[in-house]
Amino acid sequence: MTTTATQHTIGDRVRVRRAFPPGHFRTPAYVRGRTGVIVTVIGTFPDPEELAYGRDGMPGRTLYRVRFNQTDLWTDYTGSRADTLDIDLYDHWLDQA
Amino acid sequence: MTAAESHRAGTFATKSGEPRRHHDVGGLAAGPVDTSTHDLDEWEKRTDALVYLLSARKAIRVDELRRAIESLGPAEYADATYYHRWLHALTRLLLEKGVLTVSGLANELARLNAHDRE
């Protein structure tokens, strides 16, 4: 399966796009605009934002697991500064940071 | 609400400040989690079976179901139970795909309502 977006590798710092498109997407508000690190390249899958409308989702999108520091996500986070959050995000939501 | 007040209420304010849709609830207060086990109603089991069968036959995809659930309005989304959301979404998708027609669904609902009153 081919994909057209920039490819990232484990250890890359990436920033989530501040996009708010119409339609279906699963990139939550709390990570948009924030910077994390690629921890896993999960694989390439049909684009769920197209599948949501009954289309075939081609070309495929690469799905990454991205790790954020919790203190980078929430204004008043009171847990350990070492706490992290892992979330799976597709390539078209990520820019090299 | 200040950051400290929102934290006491169980809500974490995002640093991103990005807009959220009503179904994007990460960081919002959710109250206590009910961990008690309970059996499902018959209609809930039927709804589950319908989604399973329609997915197995590739008539619907999970991404379509999720998109249809998100199309519920904010108040309706908040009030609906898990399987109410599925049922709303399933109905919408089957209407979109022409498996059901609006008039056919209305006629069947009217028939069932009349049956219930007998």
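A: What follows begins with the contact between the chains and then turns to each chain separately. The model is a predicted one, and in it 20 residues of chain B are in contact with 21 residues of chain A. On the side of chain B that touches chain A, helix 1 (3-8) and helix 3 (62-70) of chain B each supply at least two residues, and it is helix 3 of chain B that gives the most, with five residues. Sorted by class, that side of chain B has ten charged residues, alongside five polar and five nonpolar ones.

Chain B also holds helix 2 (residues 42-56), whose 15 residues should span 21 Å at 1.5 Å a residue, and because the end C-alpha atoms of this helix are 21 Å apart, the two values agree. After helix 2 of chain B comes Lys58(B), with a positive phi near 60°.

In chain A, five strands form an open sheet in the order 4-3-2-1-5, with antiparallel pairing. Strand 4 (84-90) and strand 5 (94-96) of chain A are the edge strands, each pairing on one side only, and neighbouring strands of this sheet are turned against each other by 45° on average, direction ignored. Within the sheet, strand 1 (residues 13-16) and strand 2 (residues 35-45) of chain A pair in the antiparallel sense over three bridges, and Arg15(A) has Thr35(A), in strand 2 of chain A, as its bridge partner. In general, the strands of a sheet pair through backbone hydrogen bonds, in either a parallel or an antiparallel manner.

Methods:
Residues are numbered from 1 along each chain as its sequence is written. Chains are lettered from A and ligands numbered from 1 in the order in which they are written. This is a predicted model: local features need pLDDT of at least 70, side-chain atom pairs count only at pLDDT 80 or more; totals for chains, interfaces and linings use all residues. Two residues are in contact if their C-beta atoms, placed from the backbone, lie within 7 Å. Helices (H or I, at least four residues) and strands (E, at least two) are DSSP runs, numbered from the N terminus. Ala, Val, Leu, Ile, Met, Phe, Trp, Tyr, Cys and Pro count as nonpolar, Asp, Glu, Lys and Arg as charged, and the others, Gly among them, as polar. Two strands pair if DSSP finds at least two bridges between them. Axes are lines fitted to C-alpha atoms, for helices over the stretch in contact, and angles run from 0 to 180 degrees between N-to-C directions. The expected span of a helix is 1.5 Å times one less than its number of residues.
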